[in-house]
Amino acid sequence: MTGQQGQQELSDQKYTYWLAAQGLAGRALRQLFAVYQSAQEIYGQNSGQLEKVPGLLEEDVQCLIKNKQSWDLDAEWQRLAQRGISFTSREDAHYPAQFRELTQAPYGVFYRGKLPEPGEFRVAIVGARMCSEYGRSIAREVAKELAKHDVPIVSGMARGIDAAGHRGALDGGGDTYAVFGCGVDVCYPAYHGQLYADIAGHGGILSEYPPGTAPFAYHFPQRNRLISALSDVVLVVEARVKSGSLITADYALEQGRDVYALPGRITDSLSGGCNQLIAQGAGVLLSVEDFLENLSVEAVRKKASGRKKQAKKRKSEKIPLEKAELLVYSCLGLLPVGMEEILFKTGLDMRTAAQVLTALQQKKQVEEIYKNHYKILTE
């Protein structure tokens, strides 16, 4: 790359950072890029021109115009660097290739540390926050052995299984990547401060959300699609039948990744989700050695054939979900959930929840099994 090309790329990144930092919904970004070719072109539009963009809300127009007036491109870009935060967007060559495959690809990615290396084989380890000591030790041991074989670990830095996977990778001298449902400058949970620092130093912390974004509950189901996208294989270690880990596994199957699960006793609620995945055809973690052997075969196959291009796409990928829809969807699983429990978990009122559930049924994401009891539609 010539000096002139480097300067041009840096200039472009200032505009893409400005656009990503506005926190616009994916819907608004899709509408903007249906008309304009780049963030710099969007930056150059006045309110009258933006108001002509089909489907763009007035509040989106006002957000862009107001923030553009107060946004110093050079100063804000320098401030981001001073905070130790890097940024890439879909307009950059080094944007993670796996994200480009997603129907709902994030426009921008903020990160501390480094981005995953192109072409490397990675494994996601996810599971229950309130895990057993057995599950924690298995996750840590598997991650440690994978790290010794130069396989980076991907997870979400949540307490329990996620944290054990990250720590095992670090113990094995390998790289590990945490995908956040908040800003990369927000250590969540806060007591993982040392783990946060270690991951940033031996891998990276990534997020599609701008710095300072709080860890809102509805961000995490959406975040899970990025964990699976960065991985070639997803291993679920302890998960209840209604858990975010199953959402990650679901995304993995949609994206053409392989899913493995740790089996457990049928009387153990922490094994319910894993046993369910196995019943549906997921690979079984019988031993660390067996898992490594299977992954060795899988890695060779992936490198020989290339990443699967025709992954099965569920309609939740094809049809974007709004925030309230994602919030309700994240509360549901493969077993029916009653309206009372949905209201308790989401904090929504009855009328709003009913409207959202109706919308999800129309989008073929949810089905009503019997009156006021809903489950995720798996067909």
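Residues are numbered from 1 along each chain as its sequence is written, and side-chain values use heavy atoms, with hydrogens and water left out. Because the model is predicted, local features need pLDDT of at least 70 and side-chain atom pairs count only at pLDDT 80 or more, whereas totals for chains, interfaces and linings use all residues.

Helices (DSSP runs of H or I, at least four residues) and strands (DSSP runs of E, at least two) are numbered from the N terminus. Strands of a sheet pair through backbone hydrogen bonds, either parallel or antiparallel, and two strands are taken to pair if DSSP finds at least two bridges between them. Strand 7 (residues 233-237) pairs in the parallel sense with strand 3 (residues 123-127) over five bridges, and alanine 124 has valine 234 as its bridge partner in strand 7. Strand 7 also pairs in the parallel sense with strand 8 (residues 258-261), over four bridges, where aspartate 258 is the bridge partner of valine 233. Five of the five residues of strand 7 are buried, so this strand is largely enclosed by the rest of the structure; buried means under 20% relative accessible area, exposed over 50%, and partly exposed in between, with a 1.4 Å probe and protein chains only. Both faces of strand 7 are covered, with Val233, Leu235 and Val237 buried on one side and Val234 and Val236 buried on the other.

An open sheet of three strands, with antiparallel pairing, has the order 10-12-11. Its edge strands, each pairing on one side only, are strand 10 (337-338) and strand 11 (366-370). Strand 11 is joined to the antiparallel strand 12 (residues 373-376) by four bridges, and valine 366 stands opposite isoleucine 376 in strand 12.

A search of the whole structure finds 13 aromatic pairs, where rings of Phe, Tyr and Trp (its six-membered ring) pair if their centres lie within 6.5 Å, and planes under 30 degrees apart count as stacked, over 60 as edge-to-face and the rest as tilted. The rings of tryptophan 18 and tyrosine 43 form an edge-to-face pair, because their centres are 5.0 Å apart and their planes are at 90 degrees. Tryptophan 18 lies in helix 1 (residues 3-20) and tyrosine 43 in helix 3 (residues 39-43), so this pair ties together parts that are 25 residues apart in sequence. Tryptophan 18 counts as buried, at 1% relative accessibility.
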